[in-house]
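Here's a quick walk through one protein model, written for someone who likes to know the cut-offs behind the words. Have a look at the sequence and coordinates before reading on.

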Amino acid sequence: MGTSVQVTPLSGVFNENPLSYLVSIDGFNFLIDCGWNDHFDPSLLQPLSKVASTIDAVLLSHPDTLHLGALPYAMKQLGLSAPVFSTEPVYRLGLLTMYDQYLSRRQVSEFDLFTLDDIDSAFQSVTRLTYSQNYHLSGKGEGIVVAPHVAGHLLGGTVWKITKDGEDVIYAVDYNRRKEKHLNGTVLESFVRPAVLITDAYNALHNQPPRQQREMFQDAISKTLRAGGNVLLPVDSAGRVLELLLILEDYWAEHSLNYPIYFLTYVSSSTIDYVKSFLEWMGDSITKSFETSRDNAFLLKHVTLLINKSELDNAPDGPKLVLASMASLEAGFSHDIFVEWASDVKNLVLFTERGQFGTLARMLQADPPPKAVKVTMSRRVPLVGEELIAYEEEQTRLKKEEALKASLVKEEESKASLGPDNNLSGDPMVIDANNANASADVVEPHGGRYRDILIDGFVPPSTSVAPMFPFYENNSEWDDFGEVINPDDYIIKDEDMDQAAMHIGGDDGKLDEGSASLILDAKPSKVVQVKCLLIFIDYEGRADGRSIKTILSHVAPLKLVLVHGSAEATEHLKQHCLKHVCPHVYTPQIEETIDVTSDLCAYKVQLSEKLMSNVLFKKLGDYEIAWVDAEVGKTENGMLSLLPISTPAPPHKSVLVGDLKMADLKPFLSSKGIQVEFAGGALRCGEYVTIRKVGPAGQKGGGSGTQQIVIEGPLCEDYYKIRAYLYSQFYLL
């Protein structure tokens with residue numbers, strides 16, 4: 001009876017759609033990743049909408065749109081209200097990524113799926129963890145421990161480890177085995193024999209080119225600049241762009257280049273400010289450099305940070321390199337610059353990662369360049385001439401309709417406030433608002449209410465002395481200072497005013513004053529079409545097919561679940577893993593729940609007080625251990641319990657607890673005055689005694705058999721002395 005584990009993909013299987021998976025562990029529902037793509041199509045979130053209200057916790061692995069892009073929308077519209085867990089960089093950089101996505105779309109359309117406030121609200125519920133920090137859940141999740149570990153693909157990127165009753169469920173997607181300029185490689189290989197491993201097949205069919213070929217993009221950039229052309233790198237907001245910035249910084253310094261480099265996103269300055277404080281999350285070379293010389297790698301000397309395209313337009317003429325978001329070219333500054341520059345054959349548009357499926361970037365990368373392609377570009381531009389007149393007339397008509405509706409509502413409220421004593425029903429002086437030819441523009445100057453015009457044929461009531469016009473008493477409240485006013489009546493309500501009030505990069509994570517120029521024009525838009533040329537060189541920073549297979553063979557999970565990859569790549573990796581990794585490989589479809597509960601016979605038992613009173617514990621490192629002979633019984637409430645055995649305990653073989661490495665034993669014995677040397681994989685101790693390890697545990701990937709240490713030699717004084725030294729390195733049971 002192992003820990004119950006069910007996996008249900010909500011998006012991102014047998015394709016490259018956003019990542020989102022429901023993982024249930026003993027009834028506790030984890031949503032691991034909550035991704036969206038740059039199309040922001042709500043139909044992709046239909047499976048998530050069905051289960052959002054049942055989610056108990058959300059785990060985020062990377063700070064990009066594919067892994068967390070749907071979080072604000074899900075919390076606003078789908079009923080997701082669970083606590084969220086991530087590392088500090090994923091929280092901060094993910095927040096900036098969503099800011100950039102929203103502002104990029106508001107620039108070209110009436111984007112209303114979520115707002116900046118929705119983004120802030122969603123990220124307020126994030127609990128930030130450090131790498132290898134164990135977080136113990138409570139309540140419904142009692143007994144479950146979650147911990148983030150290094151993934152190596154993006155800053156703060158996470159391999160999630162979920163532990164329950166000693167069994168591990170590992171979620172590892174988009175990891176990178178190679179050490180890079182700003183990140184160490186993944187620690188996934190340090191996990192051996194987890195109960196369940198959930199991983200992706202995204203790069204199963206791709207092998208990274210040699211480093212010399214991958215670094216050719218530097219030469220392509222410098223060649224274009226020297227020829228008088230401009231270079232555009234479409235990049236993400238706060239992910240792989242960090243690696244590219246360091247590479248370009250080093251290249252510019254090494255070759256003393258003077259061409260300007262611009263990093264252009266709505267959040268570029270905030271991104272670099274945060275990254276400067278995340279050095280402890282980066283690679284060893286960066287942290288050591290800072291510790292020794294206080295040199296921060298992200299004090300960029302050759303890169304200028306921009307948050308508005310007008311700043312780029314006002315830059316000096318001449319060749320320049322621009323890194324601009326978005327990488328998909330679906331929106332953002334990269335799309336606009338692409339349209340302007342791509343028609344010039346001297347310019348270079350350089351992709352460093354595959355575009356998301358169905359995006360403009362992916363379409364451009366589909367065929368080998370150079371080539372020409374039509375691009376549809378949306379942009380807000382002021383209307384002129386007849387279009388402007390027609391638009392203004394339509395807006396005037398809508399305002400009049402709203403004013404008329406408001407007048408009718410206020411009139412009804414006024415009549416209702418007169419009370420039963422002033423009810424003039426049946427009185428010929430009473431005006432029927434539905435039949436009277438009333439004007440919405442006639443306003444009583446003191447009461448502030450709209451007034452009806454009397455109809456012809458007015459007949460005074462029999463009780464009145466003289467004809468009277470309808471009269472409404474002004475019931476305004478007064479105090480010692482005059483008439484009491486309502487401040488809400490004087491507030492300017494403008495949907496776009498919240499744009500100027502935001503602050504990006506402050507301590508609270510909001511928009512700063514430097515982004516005040518981002519107030520967006522709410523006028524209609526037109527469409528422009530252009531043609532372009534491009535180049536693609538892979539620099540995406542994911543483990544390739546060869547590395548994936550090597551890592552999986554080393555980890556050797558008991559059960560393997562493959563997600564996120566094309567159907568061809570998923571099937572290819574499945575067949576490989578069935579032959580070389582483990583016999584239980586699963587490839588579920590969207591909304592298909594698979595049971596990957598461990599086959600291990602694990603049970604929970606109580607240790608009875610009678611048994612524990614006779615157990616002698618001995619300390620081993622941070623733990624205390626003891627040998628127990630007992631028999632299984634049941635308590636009064638039916639729970640399994642270990643009870644003292646009724647007959648004398650049978651003898652058992654000696655058990656050495658601990659892990660001894662031969663390389664560690666050699667200097668230990670030498671320190672005791674024994675001459676030791678390696679010979680044929682064994683330790684030759686003195687003249688007669690040899691120590692060697694035997695058994696299947698030394699095999700690659702681990703094994704289920706036991707490993708033994710054998711002492712060979714005659715029963716002499718050296719034999720007993722060496723055996724005693726060896727036993728001292730273990731705990732003997």
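## The whole chain

How many helices and strands does the secondary structure of the protein chain come to? It comes to 20 helices and 35 strands, where helices (H or I, at least four residues) and strands (E, at least two) are DSSP runs numbered from the N terminus. Before going further, note that this is a predicted model: local features need pLDDT of at least 70, side-chain atom pairs count only at pLDDT 80 or more, and totals for chains, interfaces and linings use all residues. Residues are numbered from 1 along each chain as its sequence is written, and side-chain values use heavy atoms, with hydrogens and water left out.

Of the chain's 733 residues, 45% count as buried; that means under 20% relative accessible area, with exposed over 50% and partly exposed in between (1.4 Å probe, protein chains only). Among contacts with a separation of 6 or more, 71% are between residues 24 or more positions apart, a contact being heavy atoms within 4.5 Å. The chain exposes about 37700 Å², and carbon and sulfur atoms supply 51% of that (Shrake-Rupley method, 1.4 Å probe).

## A parallel sheet and its helices

Six strands make an open sheet with parallel pairing, in the order S14-S13-S15-S12-S16-S21. S14 (303–306) and S21 (535–536) are the edge strands with a single partner each, so one side of each has no neighbour in the sheet. Strands S12 (residues 231–234) and S15 (residues 321–324) pair in the parallel sense over four bridges; pairing takes at least two bridges found by DSSP. Val 231 has Leu 321 in S15 as its bridge partner.

Helix H8 (residues 241–255) packs on this sheet, touching S12, S13 (261–264), S14 and S15, and its direction makes about 165 degrees with that of S15. Helix H12 (residues 333–341) lies across S12, S13, S15 and S16 (348–351), at about 150 degrees to S12. For these angles, axes are lines fitted to C-alpha atoms, for helices over the stretch in contact, and values run from 0 to 180 degrees between N-to-C directions.

## H8 up close

The 15 residues of H8 reach 21 Å from first C-alpha to last, close to the 21 Å expected at 1.5 Å a residue (1.5 Å times one less than the number of residues). Eleven of the 15 are buried, so H8 is largely enclosed by the rest of the structure. Among them are Leu 244, Glu 249 and Trp 252.

In H17 (residues 567–580), Ala 569, Thr 570, Leu 573, His 576 and Cys 577 are buried. They cover an arc of only 135 degrees around the axis, which puts them on the same side of H17; the arc is that of the directions from the helix axis to the C-beta atoms. Glu 568 and Lys 579, on the other side, are exposed. The buried residues of H17 pack against S11 (196–200), H16 (545–555), S22 (559–563) and S23 (585–586).

## A hairpin and a loop residue

S31 (residues 676–679) and S32 (residues 682–685) run antiparallel, joined by four bridges. Their hairpin has two residues between the strands, and Gly 680 takes a positive phi near 65 degrees there.

Thr 635 sits in the loop between S28 (630–634) and S29 (640–644). Beyond neighbours within four places in sequence, Thr 635 is in contact with Gln 606 and Ser 641.
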